[in-house]
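I open the notebook with the disulfides.

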Amino acid sequence: MRLPSWVSQHLAALRAVLAFTVLLGIAYPLVVTGVAQLPGLRDRANGSVVTANGQPVGSEIVGQLFTDDQGAALKQYFQSRPSAAGDGYDLDSTSASNLGPESIEDTLGDPALDPNSEAGDGSALSLLSQVCSRSKAVGELEGVDGSRPYCTSEGLGAVLRVFHSDGLTGKVTRAVSVNQRCPATPFVSSYEGVAVECATFGEDYSGGVLVPIRGDAPADSAVPADAVTASGSGLDPQISPAYAKLQIARVAQARNISAVDVQKLVDDNTTGRALGFLGEPGVNVLRLNLDLDAKYPYHG
């Protein structure tokens, strides 16, 4: 007996689904997995896991934090660059901050809420304030001047909301340091003859013009860019040679060894540009710290 055409069509579709399920859902993944386990490919396919004393301690291609339980940097180790992936280098939350150069105004949190609670107080730092606060912290850790243009001395974005008599033009009638919550002292006392105010939660400052103030910080900060900005993935395992150089004195002092010895390990763990011209040289932080532990154990 001949089946109706609609039944034949459905049976053909079902056979196609079953065939492609077996081919692409079972056979193909098994083949790819098998090829990935070939010599030369196995380590990368398995995550480039790095071991020390027979125990896995990290991945050569995924960064990690070298901090204590309170989040403070361990002075005997080189520090990685910042990470926007979850709480830092979270493989389940790999991402960038998605903040750009126009992100210069912070969101002030509600002082009536607990910032340490799960919900938080609603505050959020702009990209500028994140860079400023990180630069200040790195400068204090490394014993250098961490000041940057457009940053306050307390590590916030130096930004005013300036109000004019004619909207966007005319005489300045009011100026507010929007990233400094009251009762803070504004980073500048006046702007074009008008006293600068600190910011108060709940006030609407959107009618003012955003004006970043450069300040007197040097154009080239002592703290490199990769020390204050997160990578696109949030998982970058490398830092720049400049950031590694900045940390040498601290690490050498913490381990009671010479800076020359530390510099040699930095050089040994520095990779050049791919094919001689692609990308920038980088220093693998995990490999470098493991070499430090192996050759110059820390006795804190």
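**Entry 1: cysteine link, C132 and C151.** I am working on a predicted model. I looked up the torsion first: it is -80° about the S-S bond of C132 and C151, and the link is left-handed. Next I checked where the two ends sit. C132 belongs to helix α3 (residues 127-142). C151 is in the loop between α3 and β3 (159-166). The two cysteines are 19 residues apart, and the pair links distant parts of the chain. The S to S distance is 1.9 Å. I also looked up burial: C132 and C151 are both buried.

**Entry 2: how many disulfides?** I searched the whole structure and found two disulfides. The other bond I noted is between C182 and C198, with the sulfur atoms 1.9 Å apart. This pair, too, links distant parts of the chain, at 16 residues apart. C182 sits in the loop between β4 (169-181) and β5 (190-191). C198 is in strand β6 (residues 194-199). Which hand does this disulfide have? The torsion about its S-S bond is about 100°, so the link of C182 and C198 is right-handed.

**Entry 3: accessibility of that pair.** Is C182 buried or partly exposed? C182 has 29% relative accessibility, and the cut-off for buried is under 20%. C182 therefore counts as partly exposed. C198 has a relative accessible area of 15%, so C198 is buried. I wrote down the pairing of the bonded cysteines in sequence order: 1-2, 3-4.

**Entry 4: helix α5.** I turned to α5 (residues 259-268) and listed its buried residues: V262, L265 and V266. They cover an arc of only 105° around the axis, so they lie on the same side of α5. On the other side of α5 I found V260 and K264 exposed. What do the buried residues of α5 pack against? Their partners are α4 (241-255), β9 (270-271), β10 (282-284) and α6 (285-295).

**Entry 5: a nonpolar patch.** I looked for nonpolar surface. F20, L23, L24, Y28 and V32 make a patch of about 520 Å². I followed up V32. It lies in helix α1 (residues 5-36). V32 has 40% relative accessibility, and it therefore counts as partly exposed.

Definitions and conventions. Residues numbered from 1 in each chain as written. Predicted model: local features only at pLDDT ≥ 70, side-chain atom pairs only at ≥ 80, totals over all residues. Heavy atoms only, no water. Disulfide = S-S within 2.5 Å. Helix = DSSP H or I, 4+ residues; strand = E, 2+ residues; numbered from the N terminus. Buried < 20%, exposed > 50% of the residue type's maximum accessible area, 1.4 Å probe, protein only. Arc of directions from axis to C-beta. Contact = heavy atoms within 4.5 Å. Patch = residues over 30% accessible without salt bridge, like charges linked within 9 Å, V, L, I, M, F, W, Y side chains within 5 Å. Areas by Shrake-Rupley, 256 points an atom, 1.4 Å probe, with all protein chains shown as cover. Salt bridge = Lys/Arg side-chain N within 4 Å of Asp/Glu carboxyl O.
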